[in-house]
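This report is written for a reader who is meeting the structure for the first time. Please keep the sequence and the model in view while reading.

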Amino acid sequence: MKVGETIPQKRDKQKIVNYKSLDDALKIKRETARQAITGVLLPENWTTKKS
Amino acid sequence: MDKPNYPFEQIERELLFAFQSISAEKQISKLIAYQCIDETRQIFNLALVDRADDGTVSDLAISNNQDMETVLATVTATIPLFFEKFPAGIIYFQGSTLARTRLYRIIIAKYWIQVQAVYDVLGQLPNSNTPEPFEPNQAYTGFYLRKKYQQQPLL
(Lines give C-alpha, C1' and ligand atoms only; values in the text may rest on other atoms or scores of the structure.)
Protein backbone atom coordinates (compact mmCIF):
# COMPACT_ATOMS: atom_id res chain seq x y z
CA MET A 1 0.00 0.00 0.00
CA LYS A 2 1.34 3.43 -0.99
CA VAL A 3 1.68 6.30 1.41
CA GLY A 4 -1.48 8.34 1.44
CA GLU A 5 -3.58 5.58 -0.08
CA THR A 6 -6.95 5.25 1.50
CA ILE A 7 -7.21 2.28 3.79
CA PRO A 8 -10.11 0.17 2.58
CA GLN A 9 -13.01 0.37 4.93
CA LYS A 10 -13.96 -2.80 6.69
CA ARG A 11 -16.72 -4.31 4.62
CA ASP A 12 -20.16 -3.96 6.09
CA LYS A 13 -21.20 -7.58 6.00
CA GLN A 14 -24.77 -6.62 6.80
CA LYS A 15 -25.07 -5.32 3.24
CA ILE A 16 -24.41 -8.74 1.76
CA VAL A 17 -27.44 -9.67 -0.30
CA ASN A 18 -27.77 -13.11 -1.68
CA TYR A 19 -31.49 -13.37 -2.37
CA LYS A 20 -33.65 -10.78 -4.10
CA SER A 21 -36.73 -11.61 -2.07
CA LEU A 22 -38.01 -13.74 0.76
CA ASP A 23 -39.83 -16.03 -1.65
CA ASP A 24 -36.63 -16.45 -3.62
CA ALA A 25 -34.65 -17.21 -0.46
CA LEU A 26 -37.12 -19.75 0.86
CA LYS A 27 -37.40 -21.48 -2.49
CA ILE A 28 -33.63 -21.80 -2.91
CA LYS A 29 -33.04 -22.85 0.67
CA ARG A 30 -35.75 -25.48 0.38
CA GLU A 31 -34.19 -26.92 -2.75
CA THR A 32 -30.69 -26.85 -1.27
CA ALA A 33 -31.88 -28.74 1.79
CA ARG A 34 -33.82 -31.18 -0.36
CA GLN A 35 -30.68 -31.99 -2.28
CA ALA A 36 -28.75 -32.43 0.96
CA ILE A 37 -31.15 -35.05 2.29
CA THR A 38 -31.77 -36.87 -0.98
CA GLY A 39 -30.57 -40.44 -0.66
CA VAL A 40 -29.97 -40.09 3.07
CA LEU A 41 -31.11 -43.12 5.01
CA LEU A 42 -32.42 -42.26 8.44
CA PRO A 43 -32.61 -45.00 11.07
CA GLU A 44 -35.77 -47.02 10.60
CA ASN A 45 -37.19 -46.00 13.95
CA TRP A 46 -36.91 -42.36 12.92
CA THR A 47 -39.36 -42.69 10.10
CA THR A 48 -41.79 -45.10 11.69
CA LYS A 49 -45.00 -43.32 12.51
CA LYS A 50 -45.53 -42.92 16.22
CA SER A 51 -48.84 -44.01 17.58
CA MET B 1 -69.23 -31.91 -8.69
CA ASP B 2 -69.03 -32.47 -12.41
CA LYS B 3 -67.77 -29.02 -13.43
CA PRO B 4 -64.47 -27.83 -14.82
CA ASN B 5 -62.11 -26.40 -12.26
CA TYR B 6 -59.02 -24.23 -12.30
CA PRO B 7 -55.66 -25.98 -11.90
CA PHE B 8 -54.23 -25.58 -8.43
CA GLU B 9 -51.12 -26.52 -6.55
CA GLN B 10 -50.49 -27.50 -3.00
CA ILE B 11 -48.66 -24.82 -1.08
CA GLU B 12 -45.55 -26.26 0.52
CA ARG B 13 -45.96 -26.69 4.23
CA GLU B 14 -44.11 -24.01 6.10
CA LEU B 15 -43.99 -22.58 9.58
CA LEU B 16 -42.57 -19.08 9.87
CA PHE B 17 -41.48 -16.97 12.81
CA ALA B 18 -40.16 -13.42 12.71
CA PHE B 19 -38.19 -11.47 15.29
CA GLN B 20 -35.90 -8.48 15.66
CA SER B 21 -32.25 -8.74 16.62
CA ILE B 22 -31.66 -5.54 18.58
CA SER B 23 -28.47 -3.83 19.70
CA ALA B 24 -27.57 -0.24 20.54
CA GLU B 25 -26.33 0.22 16.96
CA LYS B 26 -28.98 -1.45 14.85
CA GLN B 27 -32.04 -3.59 14.53
CA ILE B 28 -32.14 -6.53 12.15
CA SER B 29 -35.25 -8.34 10.99
CA LYS B 30 -34.81 -12.07 11.12
CA LEU B 31 -37.01 -14.86 9.92
CA ILE B 32 -37.06 -18.49 11.03
CA ALA B 33 -38.59 -20.91 8.56
CA TYR B 34 -39.47 -24.57 8.90
CA GLN B 35 -39.93 -25.84 5.36
CA CYS B 36 -41.25 -29.28 4.53
CA ILE B 37 -38.65 -30.90 2.27
CA ASP B 38 -39.74 -34.53 2.52
CA GLU B 39 -43.45 -35.12 2.92
CA THR B 40 -43.13 -38.89 3.31
CA ARG B 41 -40.60 -38.75 6.12
CA GLN B 42 -41.92 -35.44 7.46
CA ILE B 43 -38.53 -33.77 7.29
CA PHE B 44 -38.50 -29.98 7.62
CA ASN B 45 -35.60 -27.71 6.82
CA LEU B 46 -34.89 -25.12 9.49
CA ALA B 47 -33.69 -21.88 7.95
CA LEU B 48 -32.67 -18.57 9.49
CA VAL B 49 -32.35 -15.49 7.28
CA ASP B 50 -32.00 -11.72 7.60
CA ARG B 51 -34.49 -9.46 5.88
CA ALA B 52 -33.53 -5.95 4.78
CA ASP B 53 -35.98 -3.07 4.52
CA ASP B 54 -35.81 -3.25 0.73
CA GLY B 55 -37.06 -6.82 0.78
CA THR B 56 -33.76 -8.47 0.01
CA VAL B 57 -32.72 -11.44 2.11
CA SER B 58 -29.41 -12.85 3.24
CA ASP B 59 -28.26 -15.94 5.04
CA LEU B 60 -24.61 -14.93 4.78
CA ALA B 61 -24.69 -11.59 6.59
CA ILE B 62 -22.50 -11.25 9.64
CA SER B 63 -24.42 -8.73 11.66
CA ASN B 64 -21.94 -8.24 14.49
CA ASN B 65 -24.91 -7.40 16.68
CA GLN B 66 -23.21 -9.12 19.62
CA ASP B 67 -26.27 -11.24 20.27
CA MET B 68 -25.47 -14.54 18.59
CA GLU B 69 -26.47 -16.59 21.64
CA THR B 70 -29.74 -14.67 21.96
CA VAL B 71 -30.50 -15.21 18.28
CA LEU B 72 -29.82 -18.94 18.56
CA ALA B 73 -31.82 -19.10 21.80
CA THR B 74 -34.72 -17.52 19.91
CA VAL B 75 -34.45 -20.13 17.19
CA THR B 76 -34.32 -22.82 19.87
CA ALA B 77 -37.44 -21.38 21.51
CA THR B 78 -39.41 -22.01 18.31
CA ILE B 79 -38.53 -25.72 18.18
CA PRO B 80 -41.17 -26.79 20.75
CA LEU B 81 -43.72 -24.79 18.77
CA PHE B 82 -42.72 -26.69 15.66
CA PHE B 83 -43.21 -30.03 17.42
CA GLU B 84 -46.57 -28.90 18.76
CA LYS B 85 -47.70 -28.56 15.17
CA PHE B 86 -45.73 -31.48 13.73
CA PRO B 87 -45.14 -33.94 16.61
CA ALA B 88 -43.77 -36.64 14.31
CA GLY B 89 -41.71 -34.18 12.31
CA ILE B 90 -37.96 -34.27 11.85
CA ILE B 91 -36.00 -31.02 11.70
CA TYR B 92 -33.03 -30.85 9.36
CA PHE B 93 -30.59 -27.97 9.60
CA GLN B 94 -27.22 -26.98 8.30
CA GLY B 95 -25.27 -23.75 8.35
CA SER B 96 -25.20 -21.47 5.32
CA THR B 97 -21.41 -21.76 5.59
CA LEU B 98 -19.08 -24.40 7.01
CA ALA B 99 -18.26 -22.04 9.88
CA ARG B 100 -21.92 -21.74 10.81
CA THR B 101 -22.46 -25.48 10.62
CA ARG B 102 -19.50 -25.83 12.96
CA LEU B 103 -21.03 -23.19 15.25
CA TYR B 104 -24.28 -25.15 15.40
CA ARG B 105 -22.33 -28.29 16.33
CA ILE B 106 -20.56 -26.40 19.10
CA ILE B 107 -23.85 -25.03 20.43
CA ILE B 108 -25.46 -28.49 20.42
CA ALA B 109 -22.44 -29.89 22.25
CA LYS B 110 -22.47 -27.04 24.77
CA TYR B 111 -26.08 -27.70 25.71
CA TRP B 112 -25.97 -31.45 25.06
CA ILE B 113 -27.33 -32.48 28.46
CA GLN B 114 -30.45 -30.37 27.97
CA VAL B 115 -30.76 -31.23 24.29
CA GLN B 116 -30.50 -34.99 24.61
CA ALA B 117 -33.06 -35.03 27.43
CA VAL B 118 -35.72 -33.84 25.01
CA TYR B 119 -34.48 -34.56 21.50
CA ASP B 120 -32.74 -37.23 19.47
CA VAL B 121 -30.03 -35.76 17.27
CA LEU B 122 -28.23 -37.25 14.29
CA GLY B 123 -25.20 -35.82 12.55
CA GLN B 124 -24.57 -36.09 8.83
CA LEU B 125 -20.96 -36.77 7.92
CA PRO B 126 -19.59 -35.82 4.49
CA ASN B 127 -19.69 -38.64 1.94
CA SER B 128 -22.07 -40.68 4.06
CA ASN B 129 -25.73 -41.32 3.47
CA THR B 130 -26.40 -42.69 6.93
CA PRO B 131 -26.46 -40.03 9.67
CA GLU B 132 -25.08 -41.15 13.00
CA PRO B 133 -26.02 -40.34 16.59
CA PHE B 134 -24.56 -36.95 17.43
CA GLU B 135 -21.01 -36.87 18.74
CA PRO B 136 -19.53 -33.55 19.87
CA ASN B 137 -16.32 -33.57 17.87
CA GLN B 138 -17.39 -34.75 14.44
CA ALA B 139 -17.29 -32.46 11.41
CA TYR B 140 -20.92 -32.84 10.45
CA THR B 141 -22.42 -31.17 7.41
CA GLY B 142 -25.95 -31.19 8.77
CA PHE B 143 -28.12 -32.32 11.65
CA TYR B 144 -31.42 -34.10 12.15
CA LEU B 145 -33.46 -33.52 15.26
CA ARG B 146 -36.64 -35.11 16.47
CA LYS B 147 -38.58 -35.06 19.68
CA LYS B 148 -37.89 -38.03 21.89
CA TYR B 149 -40.76 -40.43 21.95
CA GLN B 150 -42.53 -40.03 25.27
CA GLN B 151 -43.87 -43.32 26.47
CA GLN B 152 -47.10 -43.20 28.36
CA PRO B 153 -46.58 -44.12 32.02
CA LEU B 154 -47.89 -47.54 32.97
CA LEU B 155 -50.89 -47.36 35.25
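## Two packed helices in chain B

In this predicted model, helix α1 of chain B, which covers residues 68–85, packs with helix α2 of chain B, residues 98–110, at an angle of about 75 degrees, and the axes of the two helices are 12 Å apart. Because angles of 65 to 115 degrees count as roughly perpendicular, α1(B) is described as roughly perpendicular to α2(B).

On the α1(B) side the residues in contact are Met68(B), Glu69(B) and Leu72(B), and they meet Leu103(B), Tyr104(B), Ile107(B) and Lys110(B) on the α2(B) side.

## Ser21 in strand β1

Strand β1 of chain B spans residues 14–22 and contains Ser21(B). Since residues under 20% relative accessible area count as buried, Ser21(B), with a value of 1%, is buried.

The side chain of Ser21(B) is joined to the side chain of Asp67(B) by a polar contact of 2.5 Å. Leaving aside residues up to four places away in sequence, Ser21(B) touches Lys26(B), Gln27(B), Ile28(B), Lys30(B), Asn65(B), Asp67(B) and Val71(B).

## Chain A as a whole

Chain A has two helices and zero strands, and of its 51 residues, 25% are buried. The accessible surface of chain A amounts to about 4,100 Å², and carbon and sulfur atoms account for 53% of that surface.

Methods
Residues are numbered from 1 along each chain as its sequence is written. Chains are lettered from A and ligands numbered from 1 in the order in which they are written. This is a predicted model: local features need pLDDT of at least 70, side-chain atom pairs count only at pLDDT 80 or more; totals for chains, interfaces and linings use all residues. Side-chain values use heavy atoms; hydrogens and water are left out. Axes are lines fitted to C-alpha atoms, for helices over the stretch in contact, and angles run from 0 to 180 degrees between N-to-C directions. Helices (H or I, at least four residues) and strands (E, at least two) are DSSP runs, numbered from the N terminus. Angles under 35 degrees count as roughly parallel, over 145 as roughly antiparallel, 65 to 115 as roughly perpendicular and the rest as oblique. Contact means heavy atoms within 4.5 Å. Buried means under 20% relative accessible area, exposed over 50%, partly exposed in between (1.4 Å probe, protein chains only). A polar contact is a pair of N or O atoms within 3.5 Å; within protein, one must be able to donate a hydrogen and the other to accept it, and residues adjacent in sequence count only if both atoms are side-chain atoms. Accessible areas come from the Shrake-Rupley method with a 1.4 Å probe; for residues, only the protein chains shown count as cover.
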